[in-house]
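My notes follow in the order I looked things up.

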Amino acid sequence: MAGLGFPVEEVVEGQARVLVPRMRDYLRSDGVYEPAWAPVFYNPRMRFGRDIAVVFARVYRRLRGLEELVVVEPLAGTGVRAVRYALEAEARVVANDIDPDSATLIRVNAERNGVSDRVTVFNLDANELLGGLRRRGIRPVIIDIDPFGSPLPFLDTAIEALGPGGVVAVTATDTAPLSGTHPRALRRRYEVRPGRTAWEKEQAVRILAGYIIRRAAAHEYGARILLAYYSDYYVRVYAELRRGAGRADRSLEQLGYGVYCGDCGYTGLPRLQPPGCPVCGSRAPVVVGPLYTGPLCDREIVEGMASEAERLAGSLAEGERAARFLSGFARECSIEKPYYRVDRLASLLRVNMPSPALLAEELERLGYRSARSLFDPRAVKTEAPHWVVLEAVRRLSPSRGRGPSSQP
Ligand SMILES: C[S@@+](CC[C@H](N)C(=O)[O-])C[C@H]1O[C@@H](n2cnc3c(N)ncnc32)[C@H](O)[C@@H]1O
């Protein structure tokens with residue numbers, strides 16, 4: 001292809017047909033494609049995440065009654081996401097990448113898909129682009145930050161670029177720090193008391209959401225978390241920001257701490273750091289935070305997205321998966337207590353693990369909202385008190401054993 005020093009191939013994703021670096025040229029010794037080696041980044045494993053992004057944009061626009069949808073993507077790679085926003089959400093898109101080959105490919109892809117009048121391409125540093133949007137008269141509704149690793153270097157400029165308000169949609173692939181595997185990096189990057197709970201994927205999501213709320217508050221924006229999830233190897237948070245010091249103060253009230261007790265399995269999200277485990281009194285529970293303690297979705301948005309994904313399933317890249325995920329998430333995301341890892345509880349009680357599906361059903365039958373968690377196949381979310389959960393695990397276990405007392 002003229003202007004590019006590497007072979008390309010066409011891939012179809014959703015409604016888009018885009019050129020990407022020829023993937024077979026970048027295989028690891030185990031034969032798996034390594035997107036980071038390609039001269040312009042295209043990751044087919046992110047198709048699902050891009051489906052969710054397109055569906056979010058459509059539903060957000062409808063629910064907020066917006067005449068026009070302007071999406072800014074400061075780190076756009078091949079432009080596949082930008083082209084999909086233009087084609088599938090009828091958005092006006094600003095797509096940017098610091099790499100000149102990438103900017104060329106975005107232009108080519110916008111042209112091939114007949115949306116070059118709706119996709120404006122820049123070849124700048126992301127922060128330079130974001131800082132100059134207002135001067136160029138561009139008022140974004142959604143700023144989609146999809147970097148390598150941590151989104152932090154771009155978060156403040158993205159927030160400032162929103163003007164009176166809009167949505168920051170943020171991906172983080174630095175899941176090892178966020179989930180507590182690299183505690184020092186977690187403390188350094190996200191300014192939290194580090195630790196590793198048994199609900200590490202939800203911990204990662206809540207830390208990123210909490211950090212966005214804190215940065216937004218520093219710029220006098222209130223933040224509402226509309227959708228926050230963990231999938232494959234990344235965290236994704238959609239936060240709606242509105243300017244106002246009062247709003248910022250109210251958002252900060254949704255911050256608290258994550259607690260996990262390795263002695264009795266208690267999990268919780270108290271507002272203040274507890275001196276010990278509130279259930280068994282253990283002096284050394286894991287305490288992580290500050291992090292976001294509220295619901296991981298706005299029900300209206302996610303239910304709207306679930307129906308939209310079902311309606312569009314045939315035209316998305318992984319439509320059935322997206323529809324299944326969104327309808328499942330609509331059930332679990334308003335349960336604010338972190339998920340329980342059923343295998344961990346069973347091992348504490350020294351019994352065999354009961355089926356997570358059975359446990360969720362049993363807790364529902366007892367009158368507590370409960371659901372299996374999409375974050376982890378071994379996980380259950382429930383509003384039941386801790387001792388009720390322990391009793392149910394013991395009762396449903398294929399073997400019964402002895403462990404810590406489950407009475408309060
Ligand atoms: C993960 S890729 C983006 C993938 C794309 N959003 C998608 O959905 O396919 C990250 C991109 O950020 C670009 N990038 C890295 N640092 C940048 C910076 N400071 N400013 C602008 N682009 C940058 C890289 O060239 C790369 O194309």
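**Entry 1: salt bridges between the domains.** I am working on a predicted model. I counted salt bridges between domain 1 and domain 2 and got one. The partners are E202 and K381, whose side chains meet with 2.8 Å from N to O. I then asked which elements give two or more residues to the side of domain 1 that touches domain 2. They are α8, residues 200-218, and β8, residues 221-231. I noted that α8 supplies the largest share of that side, with four residues. Sorted by class, that side of domain 1 has nine nonpolar residues, three polar ones and four charged ones.

**Entry 2: the rest of the interface.** The domain assignment puts domain 1 at 8-292 and domain 2 at 340-408. Taken over C-alpha atoms, their centres are 32 Å apart. How many residues are in contact across the two domains? I found 16 in domain 1 and eleven in domain 2. The two domains bury about 1100 Å² between them. Carbon and sulfur atoms account for 56% of that area. I also looked for polar contacts across this interface and found four residue pairs, with both residues at pLDDT 80 or more.

**Entry 3: around the ligand.** I listed the residues around the ligand and got 20. Which of them come nearest? They are E73, D97, D125, A126 and D146. An N or O atom in the D97 side chain is 2.6 Å from an oxygen atom of the ligand. I then turned to backbone atoms. A polar backbone atom of L75 is 3.0 Å from a nitrogen atom of the ligand. At I98, a backbone N or O atom lies 3.2 Å from a ligand nitrogen.

Terms used:
Residues are numbered from 1 along each chain as its sequence is written. This is a predicted model: local features need pLDDT of at least 70, side-chain atom pairs count only at pLDDT 80 or more; totals for chains, interfaces and linings use all residues. Side-chain values use heavy atoms; hydrogens and water are left out. Domain bounds come from an automatic or database domain assignment. Contact means heavy atoms within 4.5 Å. Buried area is the accessible area (1.4 Å probe) that two parts lose on being put together, summed over both. A salt bridge is a side-chain nitrogen of Lys or Arg within 4 Å of a carboxyl oxygen of Asp or Glu. A polar contact is a pair of N or O atoms within 3.5 Å; within protein, one must be able to donate a hydrogen and the other to accept it, and residues adjacent in sequence count only if both atoms are side-chain atoms. Ala, Val, Leu, Ile, Met, Phe, Trp, Tyr, Cys and Pro count as nonpolar, Asp, Glu, Lys and Arg as charged, and the others, Gly among them, as polar. A residue is near a molecule or strand if one of its heavy atoms lies within 4 Å of it.
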